[in-house]
Amino acid sequence: MAYLSFASLQAAAEQDFSGDLAAAALECEATDTGEEITAVRERLRAALATMREAIARGAEPGLRSRSGMTGGDGALLLARADTLGAGHGMFTRAIGSAVATAEVNAAMGRIVAAPTAGASGVLPGVLIPFADAHGISDEQLVDALAVAGAIGAVYAAASTLSGAAGGCQAEIGTGASMAAGALCYLSGGNSEQVGHAAAIAMQGQLGLVCDPVGGLVEIPCVMRNLTGTAVALAATEAALAGVKFPLSLDDVVMAAHRVGDSMPPSLRETARGGLAVTPGAQELLQKDQPIT
């Protein structure tokens with residue numbers, strides 16, 4: 001069955017796969033589904049293609065959500081990335097890709113829910129621009145997606161992926177943790193560094209509330225994909241530099257579960273707290289009349 005802790009995933013990788021987290025994750029998925037590993041990899045390749053398609057669609061300047069509240073910001077960021085040098089341009093392309101994907105979701109387009117639709121921009125935003133800039137193959141990206149999936153499965157088993165149950169930390173926080181671990185793996189980090197990257201990404205987002213304006217997955221959800229991507233990139237750099245978070249990833253997952261349980265209902269996707277009840281949000285709703 002799926003690994004219920006990062007420690008068990010790490011132990012299996014060390015014992016049976018020479019420390020390769022992707023190999024352990026792929027073997028586990030094949031066992032759980034009864035598929036051959038080649039079939040699992042094909043599903044991940046299809047997910048990767050959908051991620052790329054979403055970024056491309058989100059790069060179109062005319063994209064708008066049905067409510068009219070969001071759209072076009074991903075295109076602005078990606079256009080800016082084209083004018084910048086390799087270093088700064090890479091960061092801007094990452095956050096632009098994240099926003100573009102989130103805007104496609106808000107416009108009822110096709111995305112990969114990784115881990116959820118509302119947090120769908122973080123993983124592609126982190127991985128795809130990096131791969132494009134460094135000549136990373138799709139097969140390497142498939143391995144990174146397998147690692148991300150295994151980390152997400154740990155959150156699903158020991159905490160929650162639902163904003164309604166655990167706040168936005170369960171969605172954007174988990175997405176950033178998955179992305180940081182995956183990028184660290186893709187960058188040559190060992191299993192210990194992958195765990196630190198994932199832990200650093202989530203620990204900085206514990207308590208992140210879910211407060212969608214009008215109950216729609218638009219404001220602040222789209223821009224939280226941007227900030228989640230930035231957090232994931234920072235966490236990856238820290239782990240690769242040798243920074244070690246004092247607590248394990250499993251400790252952080254446990255904390256996320258407890259923090260989510262402690263949040264009042266007004267801060268868990270009910271649109272009755274946080275940004276959703278500000279004067280500006282109420283004016284925006286009266287002006288745009290979102291379609292629900």
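Where is the place of proline 115? The points below take up this and related features.

1. Proline 115 sits in the loop between α5 (86-106) and α6 (122-134); helices here are DSSP runs of H or I of at least four residues, numbered from the N terminus. The peptide bond from alanine 114 to proline 115 is cis, with omega near 5°.

2. This is a predicted model, in which local features need pLDDT of at least 70 and side-chain atom pairs count only at pLDDT 80 or more. Residues are numbered from 1 along each chain as its sequence is written, and side-chain values use heavy atoms, without hydrogens and water.

3. A cis peptide bond also joins isoleucine 219 to proline 220, with omega near 5°. Proline 220 lies in the loop between α10 and α11 (221-240).

4. Helix α2 (residues 21-33) has 13 residues and should span 18 Å at 1.5 Å a residue, which agrees with the 18 Å between its end C-alpha atoms; the expected span is 1.5 Å times one less than the number of residues. Aspartate 20 caps the N-terminal end of α2, with a side-chain oxygen 3.0 Å from the backbone nitrogen of alanine 22. Just after α2, glycine 34 adopts a positive phi of about 75°.

5. Serine 18, in the loop between α1 and α2, has a positive phi of about 55° although it is not a glycine. Serine 18 counts as exposed (over 50%) because its relative accessibility is 77%.

Notes: Helices (H or I, at least four residues) and strands (E, at least two) are DSSP runs, numbered from the N terminus. A polar contact is a pair of N or O atoms within 3.5 Å; within protein, one must be able to donate a hydrogen and the other to accept it, and residues adjacent in sequence count only if both atoms are side-chain atoms. Buried means under 20% relative accessible area, exposed over 50%, partly exposed in between (1.4 Å probe, protein chains only).
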